[in-house]
Amino acid sequence: MSNRAILLGNEAIARGIVEAGCLVTTAYPGTPSSEILPAVAKFADELGTKTAVEWGANEKVAFEMAASASFTGIRTCAVMKQVGLNVAADPFMSAAHFDLKGGMLLVVADDPGPHSSQTEQDTRFFAMFAKVPCFDPSTAAEAKEMVFDGFDLSEKHNIITILRPSVRVDHCRQDVELKEVISIDNKMNFEKDPSRWVCLPARVRVNHPRLNAKIEAIREDFENNYSKYNYKVPAKGKAKLGIIASGVSFSIVMDILKSWGREDISVLKIGTPHPLPLKMVDEFIKRHENVVIIEETYPVVEMQILDRTKIKGRWNGYVPKAGELLPEVTEEIILKCLGEEIELGADPDLKAALEELAITPRKPMLCPGCPHRASFFSIRQALPKAVNPSDIGCYTLGVNQKGVDAVMDMGGSVTMASGFYLAHKVAGEDRPIVTTIGDSTFFHMGLPGLASAVYNKHAFVLAILDNSITAMTGGQSHPGIGTKLRKGEEGRVVEIEGACRGCGIKYIKIIKAYDIDEGKQTIKEAWEYAKENEEPAVVIFKHPCMLLRRPQEKIQVYVDPEKCIGCKFCINFFNCPGLVFDEEKKKARIDERFCVQCGVCENVCPHGAILKVEGEEA
Amino acid sequence: MQYVIVGIGGQGILFSSKVLGKVALSRNENVMGSEVHGMAQRGGSVISHFKVGDYRSPLVNSGDADVLLAFDQNEAVRNLHFLKDGGSLVVNIFDEGSFKNEHLSKYLEKHNIKVHPIMGYEILKEHMGGNFLFLNVLILGALCGAEVSDITLEDVKEAIEQLAPAKFKDANLKVVDLGFRALKN
Ligand SMILES: Cc1ncc(C[n+]2csc(CCOP(=O)(O)OP(=O)(O)O)c2C)c(N)n1
């Protein structure tokens, strides 16, 4: 059998985690990190390791499980996306001070762009904030290699090590080498030692200076012992430009120079951006008149350099301060630093074609047949004047159904409903509030807000959109589903309804998401109850996510052109890829390329123009 | 060889780059590619990059692609700039009229781009009862039929057999053939 395979970057990282003898791996899903944990389970099954592989209810949970397990001396790993570390920031900042026993690798995936995130933050900055080391891989194969070095470094200095793949590494596909599990003799053995494992302020006075010493020792290590990640690619002759590039930006720079066939530019690759190997970087800077730093997305390498005056980077506008450094952007940066001409702008013919054909990028939208669409339609139609906070998940796309007014972060739907309630209350205004949250997000961070709202007597309707899956991130399990990742392991289901009742909710109804009449009626009733009793009321909209492909009744519909008056109500409030507006005929019609025959739109048209296809031809 | 594959989230683009990867691996070639996961998969524009050979970066630069494989004709137009002069476009067409746009034709001619259109939806309606989930396999067949790369029908069939669930095997192989024949002249 070949020992090479084409893996997604995330699978390569997962393979590294298992090969490196990691025994506890935890995560909460989030693009671009989500594929790592399931792949850890798959490789652990294949290689027959004992690795515990678990989804935590949120990133804080996942982090704390992995960190405490490492206190016993074994190798552990927690995985999350960049904003997940915000949720886990409290234990992370605290545990960074500890003198760890087992190796702990923290994998945090960044999303420059962003493609699927609420911020564009740079985890390397977080590493700097907590004073822990960070690896920044430039390819999938390198990311896998860095997993081993991350564990070794963590054990050598008794400190958490971060691996920060960015989206292009997570979701690149590359051929990588597969190996067997290495043997390490780390024994699980928790030794009681409150001076080591209890974060009392008195300990911080000892731990903080020790942490400072560790990071300087690691800097020395990065200067001298990591030439496989930090190295120079020299120019031929005198270099017109020196580029310092971290992570995937290095790969992009190298492919650009190759396609240009240029050899008058030298490059310093940085794979360990924090703590920065300063001597190596200073020496490179000294040898060049003209130096630029290319890294994503914050100036982390740049800011660690003591004298930046002759350097081109973000501080003086040579590198954009936001957005992904795509090849086209990177080319432009390099040419600008060289003072060479930049050919800009799209081809005029292509531009004209795009304009005439009215082609724009397609925005993400809820899938055809998605139960959330029906739920939003019911909610919006029941109480059109309501304030509608929402949350993070596929249902954030409910903006297209005009059912989402404000989204901040995971769990914010419940607490924002409280905030809007208080604002209206102090102003003496009466306005319905209906907020939406997904099933995974409910367990992630919905519960504390709900307990708080019951305690403080806040009137709003919480609609829980239960599609039995964490859909946005690709279909992971969560406490409300109960399935687990390792073969043969089963978990237990935590009922959403029971959890709500436990928080003190008294009004709770479970309805079918596809049933628009019932949805409208229940939302109205729930709001009346909430207002009258000054407490949150819960409505659970249930229907499985379309990605689960559960068999369901097919109801074929058509738009009767006689009855359709072209008002676009269905487009504006239902907004389904399978239902489009024909601008020439000024009528709606079904787009059979996308329609999945869920039949919900039959109840959407106020003029009764969307009809079931009856009889044989259905 | 550099490919760019474009379409709309949900059309099964990820599977196509997996197939191309499998083919390259069986030939011992180095592979580097990039995919879209997450929010954009929900019906938005999606793009996969795929490079075979000695590359470091997973992204294809504008003007460097040899082949643009488009599951959707509008996405094809939006991403034409990736193709190098003389490159090839394999495109699923649903509205022939608009693809004859004058400016578009001029661009294609100016850059000497060879267009290989396939009426994917029509074919799947006629032969597969309108099951459009087979679009990805159809387009892969079309890629082979158009002979725009060194990937053969046998390569693709073998890779699909290894990657797709066994219960769809016969249907998949039938659809690859449909795509192949549609473009093989
Ligand atoms: C702090 C944080 N962690 C993770 C994510 C990634 N993420 C986006 S949506 C989502 C969960 C969505 O699941 P659910 O609430 O069940 O809604 P669905 O997508 O199924 O409709 C996650 C984990 C995030 N955006 N922020």
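User: By class, what residues does the shell around the ligand have?

Analyst: The shell has 11 nonpolar, 10 polar and 3 charged residues. Here Ala, Val, Leu, Ile, Met, Phe, Trp, Tyr, Cys and Pro count as nonpolar, Asp, Glu, Lys and Arg as charged, and the others, Gly among them, as polar. This is a predicted model, where local features need pLDDT of at least 70 and side-chain atom pairs pLDDT 80 or more, while totals for chains, interfaces and linings use all residues; side-chain values use heavy atoms, without hydrogens and water. Residues are numbered from 1 along each chain as its sequence is written, with chains lettered from A and ligands numbered from 1 in the order written.

User: OK, how many residues surround the ligand, and which are the closest?

Analyst: 24 residues surround it, and the closest are E59(A), H372(A), D439(A), T441(A) and A471(A). A residue counts as near if one of its heavy atoms lies within 4 Å.

User: What does the side chain of T441(A) do there?

Analyst: A polar side-chain atom of T441(A) lies 2.6 Å from an oxygen atom of the ligand. N467(A) has a side-chain N or O atom 3.0 Å from a ligand oxygen, and C394(A) puts a backbone N or O atom 2.9 Å from one. A polar contact is a pair of N or O atoms within 3.5 Å; within protein, one must be able to donate a hydrogen and the other to accept it, and residues adjacent in sequence count only if both atoms are side-chain atoms.

User: And how much of the ligand does the protein bury?

Analyst: The protein buries 98% of the 580 Å² that the ligand exposes when taken alone. Those areas use the Shrake-Rupley method with a 1.4 Å probe.

User: Which domains does the ligand lie between?

Analyst: Domain 1 (3-187 + 195-224) and domain 3 (371-548) of chain A both give residues to the shell, so the ligand lies between them. The bounds come from an automatic or database domain assignment.

User: Switching topic: is α7(A) mostly covered or mostly uncovered?

Analyst: Mostly covered, with 13 of its 18 residues buried. Buried means under 20% relative accessible area, exposed over 50%, partly exposed in between (1.4 Å probe, protein chains only). Helices are DSSP runs (H or I, at least four residues), numbered from the N terminus.

User: What follows α7(A)?

Analyst: N158(A), whose phi is positive, near 50°. At the start of the helix, a side-chain oxygen of T139(A) comes within 3.1 Å of the backbone nitrogen of E142(A).

Conventions: Helix = DSSP H or I, 4+ residues; strand = E, 2+ residues; numbered from the N terminus.
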